Amino acid sequence: MQFGIFGVGDIAPDPTTGIPRSEGQRIQDVIRVAKAADELGLDVFATGEHHNPPFVASSPPALLGYLAAETRQILLSTSVTLITTNDPVKIAEDYAFVQHLAKGRVDLMLGRGNTVPVYPWFGQDIRQGIPLALENYNLLHRLWREDVVDWEGNFRTPLQGFTATPRPLDGIAPFVWHGAIRTPEIAEQAAFYGNGYFANHVLAPNFHFKPLVDFYRQRFEHYGHGRAQDAIVGLGGQAFIAKRSQDAFDRFRPYFEGYPMFQGSKLEQFAEATPLSVGSPQEVIDKTLTFQEGFGDYQRQLWALDLGSMPVEIALEQVELLATEVVPVLRKEMGSRRAPGVPDAPTHASLVRAAYGDAETRQARPRPNRGDNTSGPLPYLDSAEKSAA
């Protein structure tokens, strides 16, 4: 079971002064939170992708590449990589590069994105969001697994004899989670490939997404990847923790009720009706255990801890309380309740073992080119004949 934190790089006005942080300060604060999560032993840090104010998370590969050098053990991920408005060729190359920088400590979560103006900014039509997401991932999957790709689809120019560089570390593609909260087609695609499925149920009523998770599990089994209970599921949540329950509500209230998305909501009602966990460490533990009861055994639990107006000092307190008083208990309790044989979330190390056993991993060595950026029908010394252009 993996436990960690995620964010979207949002910025909101301070509830006392009405003045938001600068973009530069917010970026530095995100870095501090990620490094603290690493030092305190959390498993995952994930960052979102947005291209419009009031967000600063426009370049996850840049942030994760930097964090790869600044952290030691934490798995670096995305809470969304936009599979619709990013070119899958660029995704393939960017995240393979970050995978090398992080020595395998990288995976990513793909999502469509629902901000209407962003689509035309990148030359796309939101009305084609679902077929665009499906087609782009089908191409991305091949780009990481085939040295030479010929491709023709509906949403980008064709590829002829194309090689994405660098090749994935050890010849193993980063593990992919498909994030969706309303789209069975995305859950179907995740199941088809045996990828993970992530339900970010922060804003919806408790267990609202259980039908989609159950559907994904059924289809995972249908495609022969294992039992339904073996499907790779992740859940998102949100938390604010204090030693005493009332202190948690009192301290979190101004940041919650002053946040634009939650204005008009009452904190106590929202915490009762949704997966938002506010209270003492034991209360957060108890609520998280209900996720396991409702969704079944799952592999990844991420929390959002730093609303855009929250001072970084408070966010760092939250990371420490989560890592020292909540997660250790959850590891023990959820582990004891876990059904026999349910797998852990894949990591680079586990995928390498499954692919190679004790054999040497792939070390891609390009053939010399002819000065025209091509390297012939077999671009690498060990390219398989079947991958020839």
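Predicted model: local features only at pLDDT ≥ 70, side-chain atom pairs only at ≥ 80, totals over all residues.
At what angle do helix H5 and helix H6 pack, and how far apart are their axes? The points below start there.

1. Residues are numbered from 1 along each chain as its sequence is written, and side-chain values use heavy atoms, with hydrogens and water left out. Helix H5 (residues 129-145) packs on helix H6 (residues 184-193) at about 15°, with the axes 10 Å apart. Helices (H or I, at least four residues) and strands (E, at least two) are DSSP runs, numbered from the N terminus. Axes are lines fitted to C-alpha atoms, for helices over the stretch in contact, and angles run from 0 to 180 degrees between N-to-C directions. H5 and H6 are therefore roughly parallel to each other. (Under 35 degrees counts as roughly parallel, over 145 as roughly antiparallel, 65 to 115 as roughly perpendicular, and the rest as oblique.)

2. **Who touches whom.** The crossing of H5 and H6 is right-handed. (Right-handed means that the near helix is turned clockwise from the far one by less than a right angle; anticlockwise is left-handed.) From H5, Ile130, Ala133, Leu134, Tyr137, Asn138 and His141 take part. They meet Glu185, Ile186, Gln189 and Tyr193 of H6. Contact means heavy atoms within 4.5 Å. By class, this contact has 6 nonpolar, 3 polar and 1 charged residues. (Ala, Val, Leu, Ile, Met, Phe, Trp, Tyr, Cys and Pro count as nonpolar; Asp, Glu, Lys and Arg as charged; the others, Gly among them, as polar.)

3. **H1 and H11.** Helix H1 (residues 23-39) packs on helix H11 (residues 312-337) at about 20°, and their axes are 10 Å apart. H1 and H11 are therefore roughly parallel. Their crossing is right-handed. H1 brings Asp29, Arg32, Val33, Ala36 and Ala37, while H11 brings Val312, Glu313, Ala315, Leu316 and Val319. The contact has 7 nonpolar, no polar and 3 charged residues.

4. **H10 and H11.** H11 also packs against helix H10 (residues 281-295), at about 30° with axes 10 Å apart. H10 passes H11 in a right-handed crossing. Residues of H10 in the contact include Val284, Ile285 and Leu289. Among their partners in H11 are Val326, Val329 and Leu330. The classes here are 8 nonpolar, 2 polar and 4 charged.

5. **The largest pocket.** Its volume is about 1,200 Å³. Of the 50 lining residues, Val8, His50, Val80, Asn200 and Leu203 are the closest to the pocket's centre. (On a 1 Å grid over the protein atoms alone, a pocket is an open set of points with protein on both sides within 12 Å along at least five of seven lines, a cavity is a set where a 1.4 Å probe fits but cannot get out, and lining residues have an atom within 4 Å of a point. Grid points are joined across faces, edges and corners; a volume is the space filled by probe spheres set on the points.) Strand E5 gives the most to the lining, with 3 residues. The lining has 30 nonpolar, 15 polar and 5 charged residues.

6. **Backbone points to check.** Proline 53 and proline 54 are joined by a cis peptide bond, with omega about 5°. Proline 54 sits in the loop between strand E2 (44-47) and helix H2 (60-70). The bond from threonine 165 to proline 166 is also cis, with omega near -5°. Proline 166 lies between strand E7 (159-162) and strand E8 (175-179), in the loop. Aspartate 170 is in the loop between E7 and E8. Aspartate 170 is not a glycine, yet has a positive phi of about 60°.
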